[in-house]
Amino acid sequence: MSAIVSATDARRSRVRLLIVTMLFLVTTVNYADRATLSIAGPALSKELHLDPVAMGYVFSAFGWSYVIAQVPCGWLLDRFGSKWVYAISIIVWSVFTAMQGMVGFLAAGTAVVVLFALRFLVGIAEAPSFPANARIVAAWFPGNERGTASAFFNSGQYFATVIFAPLMGWIAHEHGWSHVFYVMGGLGIIMGIVWIKTIYEPKDHPGINEAEFDYIKQGGALVDMDAAKDGKTQDSGPRWDHIRQLLANRMMLGVYIGQYCINTLTYFFLTWFPVYLVKERGLSILQAGFVATLPALCGFIGGVLGGVISDYILRRSGSLTMARKIPIVGGMLLSMVIIGCNYVDSQALVIGFMALAFFGKGIGALGWAVVSDTSPKEAGGVSGGLFNTFGNLSSITTPIIIGYILAATGSFNGALVFVGANALVAAIAYLFIVGEIKRVQLKAA
């Protein structure tokens with residue numbers, strides 16, 4: 001994160017670095033909790049006698065509710081502010097994560113229904129997370145640091161696998177799959193308490209000095225996004241007309257399409273990738289947990305690097321459009337190497353292709369920076385919610401489509417082609433649909 005802070009701002013406090021570090025840590029726990037089922041999946045599916053199609057639907061349970069709740073939760077963020085909506089979200093999703101460990105005490109048929117329901121509830125509880133991340137970055141970071149900050153918190157999704165996949169694999173191997181859910185749920189509750197103690201708006205943070213506040217405000221940070229309750233945004237929240245205007249904006253539609261396709265890669269990794277390693281490549285669940293860390297580590301490095309590259313291009317060129325599009329398009333084209341796994345037998349080459357694909361995906365995962373760049377001040381939460389709604393439709397479709405591909409072909413070959421094709425469509429969307437990237441100006445009703 002040193003790229004965020006230049007040598008010239010030594011007089012300024014650096015509270016914004018603490019803020020983005022908290023976003024990174026919460027996002028790491030968030031994605032670790034999403035991945036619990038993929039790590040526990042092989043043992044759980046064996047114990048509950050689930051076939052690939054049934055597992056696909058269980059994997060998708062999170063996505064259904066996560067998508068449905070995006071816009072309502074975005075409205076809550078705009079109405080009540082990021083801190084407390086997010087805090088409640090963290091604690092509630094952690095409780096539901098821990099409860100998933102108890103389904104093993106139920107009969108198989110009942111267990112599947114309860115597991116689906118609990119994953120559904122986790123999806124609702126996690127819905128405010130990324131719109132809140134984007135709002136907080138928009139409030140705390142000037143435009144020339146926003147790409148790096150957004151990429152840093154977003155890279156938590158890869159770091160989650162680096163840190164927690166081996167841990168969860170070991171827990172499942174040594175203590176049984178149910179303990180994966182207990183441990184991760186408990187950790188999330190602790191994180192929620194830490195969040196409450198550390199997160200404030202820029203004008204309210206006890207550690208920020210005037211120099212840092214002036215710097216981020218003059219750089220375009222929306223420091224009064226969560227203004228006092230007598231402000232319009234806090235009193236009324238965003239209007240339905242704001243949603244209509246965002247949906248009618250060609251730039252935003254291109255961004256939504258791109259994010260749907262980018263997240264297809266994410267949800268392959270979060271759901272079917274460990275199963276691919278175990279069933280297609282012959283690894284044990286413990287080995288899969290450790291092997292998954294290399295692509296995840298490359299995704300993490302690519303994620304941070306993508307933000308650094310983007311902000312560097314912005315500083316050198318002054319073009320926000322070039323700064324965001326070049327890493328996104330280049331990263332997505334690189335991600336297509338995932339298809340190469342179909343043509344090699346060596347486990348080392350498979351992991352190498354996966355690592356390169358997720359490195360590219362990391363570089364291109366700048367969608368949340370684009371949201372912070374483009375969201376209208378009066379509807380930042382709703383804008384992020386719409387973006388995440390479209391993006392996370394792939395959390396529903398990806399596991400189900402791959403489940404049907406596996407059931408029909410008995411192989412992951414078609415699944416990897418499907419994932420690679422989505423990377424290509426994402427690149428095309430940013431090249432030919434998005435156009436100039438700029439902040440949306442909403443018209444008064």
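The legends below describe close-up views of a predicted model.

**View 1. The two domains of the chain.** The domain assignment of the protein divides the predicted model into domain 1, which covers residues 13-221, and domain 2, which covers residues 240-444. Taken over C-alpha atoms, the centres of domain 1 and domain 2 are separated by 18 Å. Where the two meet, 53 residues of domain 1 are in contact with 55 residues of domain 2.

**View 2. The area buried between domain 1 and domain 2.** Between them, the two domains bury about 4500 Å², and 72% of this area is on carbon and sulfur atoms. On the side of domain 1, the residues that lose the most area to domain 2 are Val67, Val71 and Tyr158, which together account for 14% of what that side buries.

**View 3. The side of domain 1 that touches domain 2.** Between domain 1 and domain 2 there are 8 residue pairs in polar contact, counted where both residues have pLDDT 80 or more. The elements of domain 1 that give two or more residues to this side are helix H1 (15-48), helix H2 (52-68), helix H3 (70-80), helix H6 (129-140), helix H7 (143-154) and helix H8 (156-175). Of these, H2 provides the largest share, with 12 residues. Sorted by kind, the residues on this side of domain 1 comprise 31 nonpolar, 17 polar and 5 charged ones.

View 4. Side chains of opposite charge can pair when their charged atoms come close. The structure holds 8 salt bridges, and the count between domain 1 and domain 2 is 1. In the pair shown here, the side chains of arginine 146 and aspartate 373 meet at 3.6 Å, taken from N to O. Because arginine 146 lies in helix H7 and aspartate 373 lies in helix H18 (residues 367-374), this pair ties together parts that are 227 residues apart in sequence.

View 5. In the pair formed by phenylalanine 24 and phenylalanine 159, the ring centres are 5.2 Å apart and the planes stand at 45°, so the pair is tilted. Phenylalanine 24 belongs to helix H1 and phenylalanine 159 to helix H8, and the pair thus links distant parts of the chain, 135 residues apart.

Methods:
Residues numbered from 1 in each chain as written. Predicted model: local features only at pLDDT ≥ 70, side-chain atom pairs only at ≥ 80, totals over all residues. Heavy atoms only, no water. Domains from an automatic or database assignment. Contact = heavy atoms within 4.5 Å. Buried area = accessible area lost by both parts, 1.4 Å probe. Salt bridge = Lys/Arg side-chain N within 4 Å of Asp/Glu carboxyl O. Polar contact = N/O pair within 3.5 Å; in protein donor to acceptor, adjacent residues only side chain to side chain. Helix = DSSP H or I, 4+ residues; strand = E, 2+ residues; numbered from the N terminus. Nonpolar A, V, L, I, M, F, W, Y, C, P; charged D, E, K, R; others polar. Phe/Tyr/Trp six-rings, centres within 6.5 Å; stacked < 30°, edge-to-face > 60°.
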